[in-house]
Amino acid sequence: MATTTTAPTFRVLVVDDSNTIRRSAEIFLKQGGHEVLLADDGFDALAKVNDYQPQLIFCDILMPKLDGYQTCAIIKRNPRFADTPVVMLSSKDGVFDKARGRMVGCQEYLTKPFTKDQLLQVVQQFANAQQGVQ
């Protein structure tokens, strides 16, 4: 039985101030059959969340102007997007960083550099959750 046909296409927003990270995530996600939106900072992300209503958001923590924690908190405070899963991206994987991410509402934490498999596995996890599959 082929699992590729059952995998839903997900609209994913990748927020990172690094062009390299955005592009690699875009390539990986598109190879996984997903629709990808890109934002290079928190303000850009907030506009895209509002305009395109992504089903999943990958958000870098360390960004200029509005960091990932602030961006996530603002998204989660909006009732329209409170249930949209946010996955923090960071080069730091300390307990404090993960706890702070959870406090602002992120569901998952991915350490950079990430692999294609790690990225697609997280998307699949949330796709399954939305379909009610355990």
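Select Gly 132 to begin: this residue follows helix H5, and its phi is positive, near 80 degrees. Helices (H or I, at least four residues) and strands (E, at least two) are DSSP runs, numbered from the N terminus. The model is a predicted one, in which local features need pLDDT of at least 70 and side-chain atom pairs count only at pLDDT 80 or more, while totals for chains, interfaces and linings use all residues. Residues are numbered from 1 along each chain as its sequence is written, and side-chain values use heavy atoms, with hydrogens and water left out.

**Helix H5**

Next, select residues 116-131, which form H5. The expected span of a helix is 1.5 Å times one less than its number of residues. For the 16 residues of H5 this gives 22 Å, and the end C-alpha atoms are 22 Å apart, which agrees.

Which residues of H5 are buried? They are Leu 119, Leu 120, Val 122, Val 123, Phe 126 and Ala 127; buried means under 20% relative accessible area, exposed over 50% and partly exposed in between (1.4 Å probe, protein chains only). Look down the axis of H5: the buried residues fall within an arc of 155 degrees, so they line one face of the helix. The arc is that of the directions from the helix axis to the C-beta atoms. An α-helix has 3.6 residues a turn, so residues three or four places apart point the same way.

Now colour Asp 117, Gln 121 and Ala 129, the exposed residues on the face of H5 turned away from its buried side. The buried residues of H5 pack against H1, E3, E4 and E5.

**An aromatic pair**

Select Phe 28 and Phe 114. Their ring centres are 6.5 Å apart and their planes stand at 75 degrees, so the pair is edge-to-face. Rings of Phe, Tyr and Trp (its six-membered ring) pair if their centres lie within 6.5 Å; planes under 30 degrees apart count as stacked, over 60 as edge-to-face and the rest as tilted. Phe 28 belongs to helix H1 (residues 19-31), whereas Phe 114 sits in the loop between E5 and H5, 86 residues apart. Phe 114 is buried, with a relative accessible area of 10%.

**Asp 60**

Finally, select Asp 60, in strand E3 (residues 56-60). An unreviewed UniProt entry annotates Asp 60 as "modified residue: 4-aspartylphosphate"; UniProt positions are given in the numbering used here, feature names are shortened, and annotations may be inferred rather than shown by experiment. Asp 60 counts as buried, at 3% relative accessibility. Leaving aside neighbours within four places in sequence, its contacts (heavy atoms within 4.5 Å) include Asp 16, Asp 17 and Lys 112.
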